[in-house]
Amino acid sequence: MFQYDAIDRAMVADRNAEFRDQVGRRLTGELTEDQFKPLRLMNGLYLQLHSYMLRVAIPYGALTSAKMRALAHVARRWDKGYGHFTTRQNIQFHWIRLSDTPDVLDYLATAELHAIQTSGNCIRNTTSDPFAGAAAEEVDDPRVWSEVIRQWSTFHPEFTYLPRKFKIAVTASPQDRTAARAHDIGLVVRRNREGRLGFEVIVGGGMGRTPYIGATIREHLPAEHLLSYLTAILRVYNRFGRRDNLYKARIKILVASLGAAEFGRLVDEAWDGMDRPRADLPDVELARIRASFGLVDFRTLPPRSERFEAARADKAFARFARNNIVPHKIPGYGIVQVSLKGIGEVPGDCSADQMDALADLAERYGHGEIRVTHEQNLVLPHVALDDAPAVHEGLAAMGLATPNINLVSDMIACPGLDYCALANARAIPIAQAISETFADPDRAEAVGELKIKISGCINACGHHHVGHIGILGVDKKGEEFYQLTLGGSGAEDAAIGHVLGPALAADRVADAIDKLVDAYLAIRQPQERFLDTYRRTGVGPFKAAVYQDAHQA
Amino acid sequence: MTASLKVLTANDLAGGQVVFRSGTGWSDRYADAWIFEDAAAADAALDAARAATLTLADPYLIDVAAVDGLPVPTSYRERIRALGPTIHPDMGPQAEGGALVRALQQAQGAARSSGRLGLIRRK
């Protein structure tokens, strides 16, 4: 796990002191709201529907037990005892007071946490693979490159006032757990035929009101040129990206209007004209960053754990093991996924007590590491299979052992109109209703992988465009309605979903999902996921299932 | 239904909580909200709220309508804002319960807050 050096510490301390001064000047009237608002946003503090919300960065989704305990403390002392893990691997506290924020930030800094890069038109917190350092098939540790990007982009003077916010994802596995193709830049670490490490560079993906799957502008960028090439991309965007229209300001619009080939040519032109050795990371710094990861003290274990196998006699553990534990690169270890999607619960919410319990479990059984996923779950990346039954027991005691990873009730939902000032409709109650509909774990397992993603407005924080089933809340003549899309994916087979038909009233959504699932079960072929069946058959049978008794739509 | 009843709302600057202009000052209970029947008086109160930059953030007027004699915001957004998150009935002003809270919880339909749209336009 990367540790701050003196420079990192000083940077965060300076920033916090500066913001404390700004908050003080706002409260005494020296700064107007119009002057203060952009400053507040650059420190992750939003004014939402009911209160201020503080978004705390979790760089590339990596937490330690100590950091998790710090989050629990913030939740308890300055909030209402819980936090909300977001679709960007961050955490939001929904009830923070402006006047407390400087103290909250100072406290977070003691655990090497901050709210930098969580808002504003800068390069935001980099998304990465929650299985980093644990996945067997990964080419390299993506956290190394995410940390390189973090250091390069934090307070980058040239890229602090971009046309719009900018999100980068780094993945190093064939299975994409970062939604790389839905980011402004997606980086896929690969080795070429000569074995050289490099990146497939994907640009111009994004969600919002104009969704795009990103286009590859370079198949294999040599890894040592990452920063100069990123600089070239950002320069082209900073120069040509639109600043006259908020809705056309993201890089995806620029890439789409120029075409990926022309955009790539402009990037190459900027890159060729650059003093690359000056822009690229020195090898010695890369080595320092690399050395700070990969220090996990794994034991030598037999690949098969007798204790693990014996525990499978317990039905609940067997189900948990089937759905929530996946193989680790080290024999005898597993990656334990912790669902924050308890049946009827709020997706992504975690109480302070749950955070503390997770910190304890990670410390005792998981080398002190916890990861946050963009699907609003948590991961204990390094658990010896021998310890998995004890971890399961500990999770179950805290209501955290829901065995539904990647199943129908493992939904993404944005906070929606229950919290968010931008939302048109609520998202969480829809998720809760669907979750209750599929509460039977046998049925959920029979349905198999099905990713439902719910957004309360077209800004698409709930990633509905890339849901196998996407649900978008809209305001239809003053009432909450929900538009369904089918066939999206945020994984390596990324795609934007297609609208199924007229929007549905809130109380019809869960039933419609039920009908879609029944339609799928009736026509699926062996080994087909919901998404595969949809891709084979097209929308026909699904549309019929939802709208056959229509006219009530 | 009386035409164009208004309530003036804002967020408390230091705390962030939702507040309403009452008969005497500002309250975090919707039940205390002053119902403006006169558009000019509502606008004047809004101007005064905008000037109160030391205590308030983002003041705006919302539309309310009398439902069974109780003043209910016409947009569901403003009803949720006046109540607290619907998923946590124990949080926000709705926790205290009562007839008015129930009226807001049971109200249906109506358009989005015109006051908020004005706020967005202003930005």
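In strand 5 of chain B, P73(B) is the bridge partner of V64(B). This is a predicted model. The briefing starts with the sheet of chain B, then takes the contact between the chains, and ends inside chain A.

**Sheet of chain B**
- Strand 4 (residues 56–67) of chain B runs antiparallel to strand 5 of chain B, and four bridges join the two.
- Both belong to an open sheet of five strands in chain B, with the order 3-2-1-4-5 and antiparallel pairing.
- Strand 3 (26–27) and strand 5 (70–73) of chain B are the edge strands, each pairing on one side only.
- Helix 3 (residues 99–106) of chain B lies across strand 4 and strand 5 of chain B. Its angle to strand 5 of chain B is about 40°.

**Contact between chains B and A**
- Chain B gives 26 residues to the contact, and chain A gives 24 residues.
- On the side of chain B that touches chain A, strand 4 and helix 2 (76–83) of chain B each supply at least two residues.
- Helix 2 of chain B provides the largest share of that side, four residues.
- By residue class, the side of chain B that touches chain A has twelve nonpolar, ten polar and four charged residues.

**Nonpolar core**
- The largest nonpolar core has 190 residues.
- Among the members that touch the most other members are L187(A), I233(A), L358(A) and Y482(A).
- Not counting residues up to four places away in sequence, Y482(A) touches residues including A425(A), I430(A), L472(A), A503(A) and V509(A).

**Helix 18 of chain A**
- F530(A), L531(A) and Y534(A) are buried in helix 18 (residues 530–537) of chain A.
- The buried residues of helix 18 of chain A line one face of the helix, because they fall within an arc of 95° seen down its axis.
- Their cover includes strand 19 (479–486), helix 17 (509–523) and helix 19 (540–547) of chain A.
- G538(A) follows helix 18 of chain A and has a positive phi, near 80°.

**Two loop residues with positive phi**
- Q376(A) is not a glycine, yet its phi is positive, near 65°. Q376(A) sits in the loop between strand 14 (369–372) and strand 15 (378–384) of chain A.
- Q376(A) has 26 other C-beta atoms within 10 Å, so it is buried.
- K477(A) is not a glycine either, and has a positive phi of about 50°. K477(A) lies in the loop between strand 18 (469–476) and strand 19 of chain A.
- K477(A) counts as exposed because it has 9 C-beta neighbours inside 10 Å.

Terms used. Residues are numbered from 1 along each chain as its sequence is written. Chains are lettered from A and ligands numbered from 1 in the order in which they are written. This is a predicted model: local features need pLDDT of at least 70, side-chain atom pairs count only at pLDDT 80 or more; totals for chains, interfaces and linings use all residues. Two strands pair if DSSP finds at least two bridges between them. Two residues are in contact if their C-beta atoms, placed from the backbone, lie within 7 Å. Axes are lines fitted to C-alpha atoms, for helices over the stretch in contact, and angles run from 0 to 180 degrees between N-to-C directions. Ala, Val, Leu, Ile, Met, Phe, Trp, Tyr, Cys and Pro count as nonpolar, Asp, Glu, Lys and Arg as charged, and the others, Gly among them, as polar. A nonpolar core is a set of buried Ala, Val, Leu, Ile, Met, Phe, Trp, Tyr and Cys residues joined through C-beta atoms within 7 Å. A residue is buried if 20 or more other C-beta atoms lie within 10 Å of its own, exposed if 12 or fewer, and partly exposed in between; C-beta atoms are placed from the backbone. The arc is that of the directions from the helix axis to the C-beta atoms.
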